Amino acid sequence: QVQLVESGGGLVQPGGSLRLSCAASGSIFSINSMGWYRQAPGMQRELVAGQPTGGISNYADSAKGRFTISRDNAKNTVYLQMNSLKPEDTAVYYCHADVRLTRFGGSHDYWGQGTQVTVSS
């Protein structure tokens, strides 16, 4: 019903930058929020940054001051600009969207397939 397609991951040196993108498509009535999570090997998935529609962005402490989340609501797209990357940022990054499929229906969680970000020299 709803697909999230991510792009922009890759290999970058410490101190470098990457920009992740995620576009939502399908039977979308409205999007309550979009955000980014990450999961490193052997670790639980954790929130990196989130942005409610019309609300204030929130960030993990590890992302504050280095990462910026933004959205293009007309395109149902969310971005994550990552600067000053560190080796500990290495993880699979997942896009998340909280979506309403109908006007009076409940919201549903959707996830992207994940994109690998590797920070290494």
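Me: How many aromatic pairs does the structure hold?
Reply: This is a predicted model, in which local features need pLDDT of at least 70, side-chain atom pairs count only at pLDDT 80 or more, and totals for chains, interfaces and linings use all residues. Residues are numbered from 1 along each chain as its sequence is written, and side-chain values use heavy atoms, with hydrogens and water left out. Rings of Phe, Tyr and Trp (its six-membered ring) pair if their centres lie within 6.5 Å. By this rule the count of aromatic pairs is one.

Me: What is the geometry of the rings of Tyr 37 and Trp 111?
Reply: Planes under 30 degrees apart count as stacked, over 60 as edge-to-face and the rest as tilted. The ring centres of Tyr 37 and Trp 111 are 5.0 Å apart and their planes stand at 70°, so the pair is edge-to-face.

Me: How many residues apart are Tyr 37 and Trp 111?
Reply: Strands are DSSP runs (E, at least two residues), numbered from the N terminus. Tyr 37 belongs to β4 (residues 30-39) and Trp 111 to β10 (residues 107-111). The pair links distant parts of the chain, and the separation is 74 residues.

Me: Which residue has its charged end over the ring of Trp 111?
Reply: A charge sits over a ring if NZ of Lys or CZ of Arg is within 6 Å of the ring centre and within 35 degrees of the ring normal. For Trp 111, the distance from the charged end to the ring centre is 4.7 Å. The residue is Arg 45.

Me: Which cysteine is joined to Cys 22?
Reply: A disulfide is a pair of cysteine sulfur atoms within 2.5 Å, and the structure holds one. Its S to S distance is 2.1 Å. Cys 22 lies in β3 (residues 18-26) and its partner in β9 (residues 91-100), so the link ties together parts 73 residues apart in sequence. The partner is Cys 95.

Me: How many residues of β9 are buried?
Reply: Cys 95 is buried, at 0% relative accessibility. The strand β9 has 10 residues and is largely enclosed by the rest of the structure, because the buried ones number eight.

Me: How many bridges pair β4 with β9?
Reply: Two strands pair if DSSP finds at least two bridges between them. Tyr 37 stands opposite Tyr 94 in β9. The strands β4 and β9 are antiparallel, and their bridges number nine.

Key. Helix = DSSP H or I, 4+ residues; strand = E, 2+ residues; numbered from the N terminus. Buried < 20%, exposed > 50% of the residue type's maximum accessible area, 1.4 Å probe, protein only.
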